[in-house]
Amino acid sequence: ALSQKTIDVVKSTAPVLEVHGVTITSVFYKNMFKNHPELLNIFNHANQSQGRQQTALANMVYAAAKNIDQLENVLPEVVQVAHKHRGLGVKPEHYPIVGKYLLGAIKEVLGDAATDEIIDAWSEAYGVIAQAFIGIEADMYKTSAEQPGGWEGFKELEVIDKVKESDVITSFYLKAKDGTALPSFEPGQYITVRLQIPGEKYALNRQYSLSCAPGNDYYRISVKKEADQEPFGKVSNYLHEKINVGNVIEASAPAGDFTFNMEETAPVAFISGGVGLTPLMSMLETLTKSNENRDVTFIHSARHEGVHAFRDEVKNMVDKLEHGRFLYGYEHPFDQTGGHHFSGYITKEFLKEHITKDTICYVCGPVPFLKNVVQMLTDLGITEDNIRYEFFGPAMSLQTN
Ligand code: HEM
């Protein structure tokens with residue numbers, strides 16, 4: 001255990017580090033990648049160059065440090081990140097490397113202000129935080145490898161079907177190349193796809209939600225082609241353009257804790273923006289398969305009809321439910337004749353009309369959409385417990401913007 005002295009030093013200096021957060025972490029990443037370029041096979045270069053991941057990792061260390069004597073306060077965040085780490089193949093031996101360069105960067109940026117006492121305290125605290133991650137991740141690796149059909153690192157999956165779902169979204173149906181059955185997963189989970197793209201020096205990893213229910217003999221991911229956002233789109237463009245039926249990609253086993261709770265019976269709403277509907281597709285399909293009598297509202301907002309994926313699929317599933325509603329709207333609507341349409345953005349009035357206070361809401365979409373919807377649901381009196389969300393990009397960035 002840490003001494004009270006160490007705890008005091010860490011807690012009292014955490015705010016100082018936060019102030020220098022971006023500087024410290026840019027130095028940290030620069031030095032770490034210079035000396036350990038192999039880690040570029042794990043980290044997302046697009047996030048790196050945007051500075052997004054930088055702040056995410058550092059903020060989490062500071063958040064954990066402030067709670068260093070009661071780490072259970074940040075447990076949900078740790079578990080969420082651990083899922084991501086496990087999916088990416090982060091291993092115990094990586095932690096001392098990150099620790100070394102993070103501490104080094106703190107020293108470099110703070111200069112004389114970083115006394116030995118401060119550095120030693122942070123080094124100890126980092127060790128405790130790292131151990132928490134390592135322990136949780138070890139369990140996750142074990143669970144992943146031990147379940148029927150499961151595996152620990154990356155496995156070759158073969159594309160058995162490729163289906164265009166909209167102008168920008170295409171689905172890939174995947175099976176294990178070695179013919180073994182794929183493990184089950186929880187609706188809402190994602191897989192990490194790892195690609196070696198010709199001309200790229202390092203492997204590129206991206207997370208994609210599984211967009212089908214568990215229990216099929218395939219996995220399905222549905223990928224949005226990020227055409228106008230280089231360098232984000234390297235992986236999605238390669239998948240869309242170069243990966244076809246018969247090709248093989250590598251992926252880690254399903255991970256993630258944005259999952260659907262089947263035990264609950266309260267009304268449920270699935271609210272998505274754009275490609276954010278993918279994990280919710282899995283949840284909806286799971287519900288239709290389980291013969292549930294639950295009250296279900298599926299709300300989707302897309303930029304326009306051309307980019308609206310799965311319209312028929314959702315409609316068919318919702319029609320099978322005894323109490324199901326499907327509402328969708330376009331930010332640039334051009335067809336407002338159908339009774340199911342709403343036009344423009346999702347508004348508070350709209351949500352108020354369609355969602356009762358006891359509804360459990362699963363929300364997924366880009367950050368601005370998510371912030372907006374979560375705020376409106378909160379304003380409408382939906383409890384924090386009943387607003388469950390996932391968005392794209394590093395988790396802590398929601399708090400830091
Ligand atoms: C992602 C925290 C150690 C590799 C993240 C995220 C956080 C985080 C908050 C963002 C999660 C998200 O995207 O939702 C931490 C903390 C660590 C730690 C607090 C130490 C105690 C490590 C280590 C490695 C690593 C040792 C491996 C060398 C990654 C990668 C990502 C990530 C590759 C995804 C980043 C991206 O795709 O840009 N981590 N991490 N992390 N972490 Fe860690």
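Trainee: What makes E4 and E5 the ends of the order in the open sheet of six strands?

Mentor: In this predicted model, the order reads E4-E3-E6-E1-E2-E5, with antiparallel pairing. Strands, like helices, are DSSP runs numbered from the N terminus (E and at least two residues for strands, H or I and at least four for helices). Strand E4 (204-209) and strand E5 (219-224) each have a single partner strand, so one side of each is left without a neighbour in the sheet. Neighbouring strands of this sheet are turned by 40° against each other on average, direction ignored. Axes here are lines fitted to C-alpha atoms (for helices, over the stretch in contact), and angles run from 0 to 180 degrees between N-to-C directions.

Trainee: How do you know that strand E1 and strand E6 pair?

Mentor: Two strands count as paired if DSSP finds at least two bridges between them. E1 (residues 154-164) and E6 (residues 248-252) have five, in the antiparallel sense, so they pass that cut-off. Glu 158, for one, stands opposite Val 248 in E6.

Trainee: Why is strand E7 called mostly covered?

Mentor: Buried means under 20% relative accessible area, exposed means over 50%, and partly exposed is in between (1.4 Å probe, protein chains only). In E7 (residues 268-273), six of six residues are buried. Side chains in a regular strand alternate between the two faces of the sheet. Val 268, Phe 270 and Ser 272 point one way from E7, while Ala 269, Ile 271 and Gly 273 point the other way, and all are buried.

Trainee: Which strand do six bridges join to E7?

Mentor: Strand E8 (residues 295-302), and the two run parallel. Ser 272 has His 300 as its bridge partner in E8. E7 is also joined to strand E11 (residues 360-365) by five bridges, again parallel, with Ile 360 in E11 as the bridge partner of Val 268.

Trainee: What makes the phi of Phe 310 worth a mention?

Mentor: Its phi is near 65°, a positive value in a residue other than glycine. Phe 310 sits in the loop between E8 and helix H10 (311-320). The relative accessible area of Phe 310 is 4%, so it is buried.

Trainee: How do you know where pLDDT stays under 50?

Mentor: pLDDT is the predictor's confidence in each residue, from 0 to 100. The chain mean is 89, and 90% of its residues reach 70 or more. Values stay under 50 over residues 334-339, with six contacts beyond four places in sequence, and over residues 393-401, with 19 such contacts. A contact is heavy atoms within 4.5 Å. The model scores ipTM 0.98 and pTM 0.90.

Trainee: What ground rules apply to the values?

Mentor: Residues are numbered from 1 along each chain as its sequence is written, and side-chain values use heavy atoms, leaving out hydrogens and water. Local features need pLDDT of at least 70 and side-chain atom pairs count only at 80 or more, whereas totals for chains, interfaces and linings use all residues.
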